[in-house]
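Please keep the model in view while going through the numbered points.

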Amino acid sequence: MWLTEPLTLDVNRSLDRLAKADDVRKVAVMPDVHLAADVCVGAVVATSRLVYPAAVGGDIGCGMAAVCVDAEADLLSGAKAAAHVLAGLYNRVPTNRHSRDSAPYELPSSLGKIRLSHSSLERRKNRDGRVQLGTLGRGNHFLEFQADPNGQLWIMIHSGSRAMGQAITAYHLSQAETGFGGLKYLEAETTAGQDYLHDMQWALLYAERNRLNMMGAVTG
């Protein structure tokens with residue numbers, strides 16, 4: 001465990017349930033651990049043959065991207081300049097989805113050519129996946145302008161696979177078996193397990209492309 005403060009009773013119970021679940025070999029607990037519906041956020045699980053979609057979570061591929069800009073951070077020190085940039089961000093990087101005018105006509109071939117495991121996910125991919133590519137999302141997702149110790153300007157983005165990650169997780173949880181403590185799992189070597197791993201890999205690609213599209217919209 002890597003903790004900055006003692007665990008709450010509810011978090012401790014949740015982690016204990018996870019540690020006792022079928023095929024769970026190790027559980028690592030990060031400093032940001034906090035309670036979630038089935039598996040605590042901030043917990044890492046090692047298994048040998050079972051996959052727990054709830055442990056991966058709904059925002060598959062959530063992560064960071066950072067780019068150093070060829071400009072000094074003082075460029076945004078004035079209120080007028082900062083307000084001008086922020087106003088432009090609302091148009092270039094939507095929170096939820098692109099408008100009809102700004103949405104891409106289709107997904108990039110690297111995403112569009114990979115078929116997901118079920119027709120319902122394919123429909124979702126070509127609808128929500130298309131109009132949400134290059135959008136930030138809510139919650140703790142952010143787009144920040146930062147300054148390094150040398151006064152250089154940086155852009156950092158935190159986002160993930162948007163509605164697609166949630167749809168993939170929800171679909172495969174509906175196909176999973178229920179194990180100890182009500183946690184749902186898939187056998188990794190079965191068709192259902194392989195389908196989940198395939199769709200999860202697609203969501204990782206989507207999340208990465210999502211961040212790159214936003215970064216391109218800001219820097220382009």
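**Notes on the predicted model**

1. Helix α6 (residues 162-175) packs against helix α7 (residues 191-219) at an angle of about 170°, and the two axes lie 9 Å apart. Because angles over 145 degrees count as roughly antiparallel, α6 is described as roughly antiparallel to α7.

2. Which residues of α6 and α7 meet? From α6 come R162, M164, I168 and H172. From α7 come A192, D195, Y196, D199, M200, W202, A203, Y206 and N210.

3. The burial of α6 deserves a separate remark. R162, A163, M164, G165, A167, I168, T169, Y171 and H172 are buried in this helix. The cover over the buried residues of α6 includes helices α2 (53-56), α5 (119-132) and α7, together with strands β6 (152-159) and β8.

4. R162 calls for attention on account of its backbone. This residue belongs to helix α6, and its phi is near 55°, a positive value in a residue other than glycine. Is R162 buried or exposed? Its relative accessibility is 9%, and therefore R162 counts as buried, the cut-off being under 20%.

5. D23 is not a glycine, yet it has a positive phi of about 65°. Its place is the loop between α1 (9-19) and β1 (24-34). With a relative accessible area of 12%, D23 is buried.

6. The next subject is an open sheet. Three strands form it in the order β3-β8-β7, and their pairing is antiparallel. Why is one side of β3 and of β7 left without a neighbour in the sheet? Strands β3 (50-51) and β7 (177-178) stand at the edges, and each has a single partner strand, so one side of each has no neighbour there.

7. The pairings within this sheet can be followed residue by residue. Strand β8 (residues 184-187) runs antiparallel to β7, and two bridges join them. Y185 in β8 is the bridge partner of E177. Helix α7 packs on the sheet, where it touches β3 and β8, and the direction of α7 makes about 105° with that of β8. Strands β3 and β8 are also antiparallel and are joined by two bridges. In that pairing, E187 in β8 stands opposite L50.

8. Two hairpins may be examined next. In the hairpin that β7 and β8 form, five residues lie between the strands, and G181 in the turn has a positive phi of about 70°. In the hairpin of β5 and β6, four residues lie between the strands, and G151 takes a positive phi near 80°. Strand β5 (residues 142-147) runs antiparallel to β6, with six bridges joining them. L143 has I157 in β6 as its bridge partner.

9. G42 is part of strand β2 (residues 41-47), and it counts as buried because its relative accessibility is 15%. How far apart in space are G42 and D32? They are ten residues apart in sequence, and the distance from C-alpha to C-alpha is 5.5 Å. When residues up to four places away in sequence are not counted, G42 touches A28, V29, M30, D32 and V33.

10. Finally, the chain may be considered as a whole. Its secondary structure consists of seven helices and eight strands. The C-alpha trace spans about 55 × 45 × 20 Å along its principal axes. Of the 220 residues in the chain, 37% are buried. The accessible surface comes to about 12,400 Å², and carbon and sulfur atoms account for 52% of this. Among contacts between residues at least 6 apart in sequence, 70% join residues at least 24 apart.

Terms used
Residues numbered from 1 in each chain as written. Predicted model: local features only at pLDDT ≥ 70, side-chain atom pairs only at ≥ 80, totals over all residues. Heavy atoms only, no water. Axes fitted to C-alpha atoms, helices over the stretch in contact; angles between N-to-C directions. Parallel < 35°, antiparallel > 145°, perpendicular 65-115°, else oblique. Contact = heavy atoms within 4.5 Å. Pairing = 2+ DSSP bridges. Buried < 20%, exposed > 50% of the residue type's maximum accessible area, 1.4 Å probe, protein only. Areas by Shrake-Rupley, 256 points an atom, 1.4 Å probe, with all protein chains shown as cover.
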